[in-house]
Structures are given as C-alpha cells and as structure tokens.
Amino acid sequence: MTLQSLRHSGRSSESNTESSLDDIDIAKRNIATGLSRGRHAHVDRKHAAASKRWKTFWSAFRYLQGLTPKQVDDFMASYVIYNLDWSDEKQMIATLGEDYQQKVGDCLKAYYGVLNHLCALGDVEKMYIPPWMSKKATVRENQLLYEESIAQDIGLKSGDKLFRRSFNAQRGFSNNTFVVQDFNNLPLPFEDETFDAFYQIQALSLCKDIPALFREIYRVVKPGAKISSLDWVSLPAYDPQNPEHAELMRRVKPLIGAVGTPTPESLEKALTDAGFVVLKSDNASIDGLQAPLIDTVDGYFRAMRQVILGLVKLHLIPHHFKTLINRFCLDGLAFIKMDNMRLATTSYRIVAQKPARN
Ligand SMILES: C[S@@+](CC[C@H](N)C(=O)[O-])C[C@H]1O[C@@H](n2cnc3c(N)ncnc32)[C@H](O)[C@@H]1O
C-alpha cells in the first residue's frame, strides 16, 4: 500500500519508497549550497548514492530478465483498467464483470509487479515524477525536495518514527511493524486516532471511493493531525467534449497508470466532507508546470529503449524486454503536452488538518 502514515507508538504502513530524513537532508544541503561546500563529503555521498542506484538498476534488470511469459502477458493485459474510470461503473462491469473491483485489484498486482522494476531502470524507482521544485535539481533531488516539503507540511519533527525498514532498523525503531492494506478494502485495520500524521503520493486514482477513504483516514488520525496528498487531477481547462483533450486523456491515463480522474474540487470536497480543514491546495510545481521533469524522464527512457531494442535484436537479452519497453515508453510526449496545456497534472498538492479537540 502506498498510503503512508506515522505514529509515535511505532507502527507504520509499508512502502517501496526509499525516502528518509537523511536523504532529504543531503539533497537539501546539496541544492542549497549549490554543491559548492563540503566537497569531499558530497563526493562520498554521491558515490554512495550512485552505487546504490546501480545495485537497484541491476536487481531490477535481473528481475525483468527472469519474468515468465505469463507475467509479461498479465502485465500487458493489465492496461485494460486504464481505459476505464471508476466514475463509469457501467463500463467497468461491461468490461470486467460484476466483480470488477477484484479484477482491478488483480490487474494492479500484475502491473506493479513489473512496473516497479521498469521504473527502477531509471531515476523513478519510487514510481512517481515529483513536482518541479527546483530548476537546478535532478529528478531524484526534486523528489527529495518534495518529500522534505511533506515533512514540513505535516509537522514531522526530528526523531519522529518513520516509514522505511532500513531507516527504522538503523534508528533502533525495531518495535515498528509494517502493514500492507488494500485501500479499496475498508475499514483500515487501525484503531481510532492512531496516527500523528499521514501522507500519500500519487495513489488516489487507484482508489474506488475516495470520500470513504478520507473518512477512514479522518478516523485513524489524531485530532490536530495534518495530512498531505500529492496526486493526479484533471484541471479546469480540461474539456472532455474537446476531441484533442479526450484523445490526450486516453493516451496519458495508461502511461501514468491512472484509473480515476479526480479534480482538485472533488478531492477538497471529499476532505471537507470527511471533517478535514483544507490548509493548502495548489500545484506544487514551479509555475504549475511539471513538463521539464517529465521531459527528462521521457528522454532517458527513450534512450534506454533504443539500447534495449538493439540488445534484443542481437539476441543478448530476452525478446520480452522489447514488449515491455515499447509499452512503457508509449505516449510520453502526450503527457508532456497535456501538462504544458495545463489540462491535467500529477503534481497537485493538498494539505489538510483534522481539527484539534477543544
Ligand atoms: C503511481 S504509484 C505511486 C508511488 C508512490 N510513490 C509509492 O511510494 O508507492 C501508485 C502506488 O499505489 C499503490 N496502490 C495501487 N493500488 C492500491 C490499492 N488498491 N491499495 C493500496 N495501494 C495501492 C501501488 O502499489 C503504488 O505503490
């Protein structure tokens, strides 16, 4: 489950995210100092980060190499859900049957089981393109900057217990447990007022009933808790009746893996109806544009695609790499165009608070 929460008593939900206060601190210092001070320490940290990156690259590569034909077929078939939308239940049922929720769940498992590793071949192993926070920073540094802003927004303090297994072990938070939970299967398995804060990144389009999920989150966070959400939304300029807009949407949803298409208003309403007070609701990217970062990621994977196609042609890697990378790289330009036209974004941020008890 991507939804992540923290509580002082020590339990937090699982994520594949690699974020930690240490990483955030490094990125912040690197960018703030213009990479000019503490050169030796900086070089060491860069080396450590690069060698870690290579490790995850190779383990992702080896995993993809060993995929069975069924895993590849299931991954390709899973894209059917991105042509659907939670808001059109009739079409969901017509395509997937009455048990469509279960089918979507099966598709998501097949999809993320492969996508996670494809993303790790590049700078998006956390499976999200961050808001464009700094023009000087790389994609990964922008991720860390955004994650730092979350920590500030939800009032995370030094020493608070966090969400990464290795981080928890390192800091001696061995009593923490990680809970994996499908957010389409409510209620959440936590007692009322358990968590001090909550955040999520780009997972809500996979949620069938966002208002119900926010009601559950309201229940499990403590009074006064702040929550942060970064997600995909369609923007006021998007007109579903406009054929160009509709075509862009049809191409972009599978690329970013979105089922639902919330709007800033629908998310705000779901939050306020649940009892939260919205403190911030904005596009977290500079000038509301994420396109420069999408372009960087797209360019990297298109270059990688050329290498992969060459290696497949030479029979140096299995043929299924071609199938996967062709699907993965499809429609990056549509995503950039949609962002530039301000029709939709994946960098919409909302910060909200559960009122404190009087
Ligand atoms: C676009 S990725 C966002 C990545 C995010 N940075 C993270 O750390 O997971 C969407 C995430 O939603 C999660 N997800 C998809 N369907 C879910 C569900 N029904 N319940 C819980 N998490 C789900 C996926 O596992 C994936 O991690």
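Mentor: We shall look at a pair of helices and then at a strand. This is a predicted model, in which local features need pLDDT of at least 70, side-chain atom pairs count only at pLDDT 80 or more, and totals for chains, interfaces and linings use all residues. Residues are numbered from 1 along each chain as its sequence is written.

Trainee: At what angle do the axes of helix α8 and helix α10 cross?

Mentor: Two packed helices are described by the angle between their axes and the distance between the axes. Here the axes of α8 (residues 210-220) and α10 (residues 264-274) come within 8 Å and cross at roughly 40°. That makes α8 oblique to α10, since angles under 35 degrees count as roughly parallel, over 145 as roughly antiparallel, 65 to 115 as roughly perpendicular and the rest as oblique.

Trainee: Which residues of α8 and α10 meet?

Mentor: Residues are in contact if their C-beta atoms, placed from the backbone, lie within 7 Å. In α8, Ile-210, Pro-211, Phe-214, Arg-215 and Tyr-218 meet Leu-267, Ala-270, Leu-271, Asp-273 and Ala-274 of α10. The residues of this contact divide into eight nonpolar, no polar and two charged.

Trainee: How many residues of strand β4 are buried?

Mentor: A residue is buried if 20 or more other C-beta atoms lie within 10 Å of its own, exposed if 12 or fewer, and partly exposed in between. In β4 (residues 195-201) seven of the seven residues are buried, so the strand is largely enclosed by the rest of the structure. β4 also pairs with strand β5 (residues 221-234) in the parallel sense over six bridges, and Ser-229 in β5 is the bridge partner of Gln-200.

Key. Axes fitted to C-alpha atoms, helices over the stretch in contact; angles between N-to-C directions. Helix = DSSP H or I, 4+ residues; strand = E, 2+ residues; numbered from the N terminus. Contact = placed C-beta atoms within 7 Å. Nonpolar A, V, L, I, M, F, W, Y, C, P; charged D, E, K, R; others polar. Pairing = 2+ DSSP bridges.
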